Amino acid sequence: MDFTNPNPTDQGIVIEEPEINTGLDNFALNMILDARIQESKSVYEQVKLDDRRKRNRDYWLGNQVKDPDGVPYIDNLIWQNTEHRISLAVGRMPEMLVVPGSRDLEQRERSKILERVLDMDFSTKEKKRLMKNGLRHNHLYLIGILKPSWNPSKGMFGDYDFNLCDPRKVLISHTGTIPEDGF
């Protein structure tokens, strides 16, 4: 799909992206990527990330008893607490605010237009369900992933689609840093 605009007088979104050139051939690039993937997998195996995720899921489901003769506790407070916190977080979705860079009237008008463009409606049941599932994944698997993608056939001019990704199928580098605010 080509996002470049052949006629600059037409209105619309024009995105020009330069080609990514690493200077490596495909074989060398694959070798480097494979080595980094294996290194991250070995680090996560040492810290037993999969075991911790499984234990979190078992606690959430109320399967805390390891003894085969034992009976799991029916009143699962972990499940209740997690679901209550998720409902509170999704129930109070923030509004989009755009602040102008100066007190100029034109800047204020532009910021209002941009605010309307960026304001996504998170009050629909579908988006709230996605947010709840993403937060649940964050609690259980220590990472929640919502993938936005552009759907040109959605609505009159196109709109974003949000899809929930299974965090157990995503590998993040162990050398990655977390910014100060945690996102």
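Predicted model: local features only at pLDDT ≥ 70, side-chain atom pairs only at ≥ 80, totals over all residues.
Met 96 sits in the loop between helix 3 (77–91) and helix 4 (105–118).

**A nonpolar patch**

Which residues make a nonpolar surface patch of about 430 Å²? They are Met 96, Ile 113, Leu 114, Val 117 and Leu 118. Met 96 has a relative accessibility of 37%. Buried means under 20% and exposed means over 50%. Met 96 therefore counts as partly exposed.

**The overall plan**

Now step back to the whole chain. The protein has five helices and two strands. Along the sequence, the pattern reads α-α-α-α-α-β-β. The protein has 183 residues, and 12% of them are buried.

**Helix 3 and helix 5**

Two packed helices are described by the angle between their axes and the distance between the axes. Take helix 3 and helix 5, the latter covering residues 125–141. Their axes come within 10 Å. The crossing angle is roughly 135°. The crossing of helix 3 and helix 5 is right-handed.

Arg 136 belongs to helix 5 and Glu 83 to helix 3. Their side chains meet at 2.7 Å, N to O. The two residues are 53 residues apart, so the pair links distant parts of the chain.

Are Arg 136 and Glu 83 buried or exposed? Arg 136 has 16% relative accessibility, so Arg 136 counts as buried. Glu 83 has a relative accessible area of 15%, so Glu 83 is buried too.

**Salt bridges**

How many salt bridges are there? The count comes to five. The table gives some of them.

| Salt bridge | Closest N and O atoms |
|---|---|
| Glu 106 and Arg 110 | 2.5 Å |
| Arg 168 and Asp 166 | 3.1 Å |

Look at Glu 106 and Arg 110. Both residues lie in helix 4. They are four residues apart, which means that about one helical turn separates them. Glu 106 is partly exposed, because its relative accessible area is 45%. In the bridge with Arg 168, Asp 166 is partly exposed as well, with a relative accessible area of 25%.

**Around helix 2**

Helix 2 spans residues 49–61, and Trp 60 is found in it. Trp 60 has 12% relative accessibility, so Trp 60 counts as buried. Which residue is 79 residues from Trp 60 in sequence and 9.4 Å from it in space? That residue is His 139, with the distance taken C-alpha to C-alpha.

Leu 61 also lies in helix 2. With 44% relative accessibility, Leu 61 counts as partly exposed. Gly 62 has its place in the loop between helix 2 and helix 3. Gly 62 has 5% relative accessibility, so Gly 62 counts as buried.

Leu 61 and Gly 62 can each be compared with Trp 79. Leu 61 and Trp 79 are 18 residues apart in sequence, and their C-alpha atoms are 6.8 Å apart. Gly 62 and Trp 79 are 17 residues apart along the chain, and their C-alpha atoms are separated by 7.5 Å.

**Two positive phi angles**

Lys 48 is not a glycine, yet it has a positive phi of about 55°. Where is Lys 48? Its place is in the loop between helix 1 (26–46) and helix 2. Lys 48 is exposed, because its relative accessible area is 52% and the limit is over 50%.

Leu 142 is not a glycine either, and its positive phi is about 70°. Leu 142 is found in the loop between helix 5 and strand 1 (145–151). The relative accessible area of Leu 142 is 33%, so Leu 142 is partly exposed.

Definitions and conventions:
Residues numbered from 1 in each chain as written. Heavy atoms only, no water. Patch = residues over 30% accessible without salt bridge, like charges linked within 9 Å, V, L, I, M, F, W, Y side chains within 5 Å. Areas by Shrake-Rupley, 256 points an atom, 1.4 Å probe, with all protein chains shown as cover. Salt bridge = Lys/Arg side-chain N within 4 Å of Asp/Glu carboxyl O. Buried < 20%, exposed > 50% of the residue type's maximum accessible area, 1.4 Å probe, protein only. Axes fitted to C-alpha atoms, helices over the stretch in contact; angles between N-to-C directions. Left-handed = near helix turned anticlockwise from the far one by under 90°.
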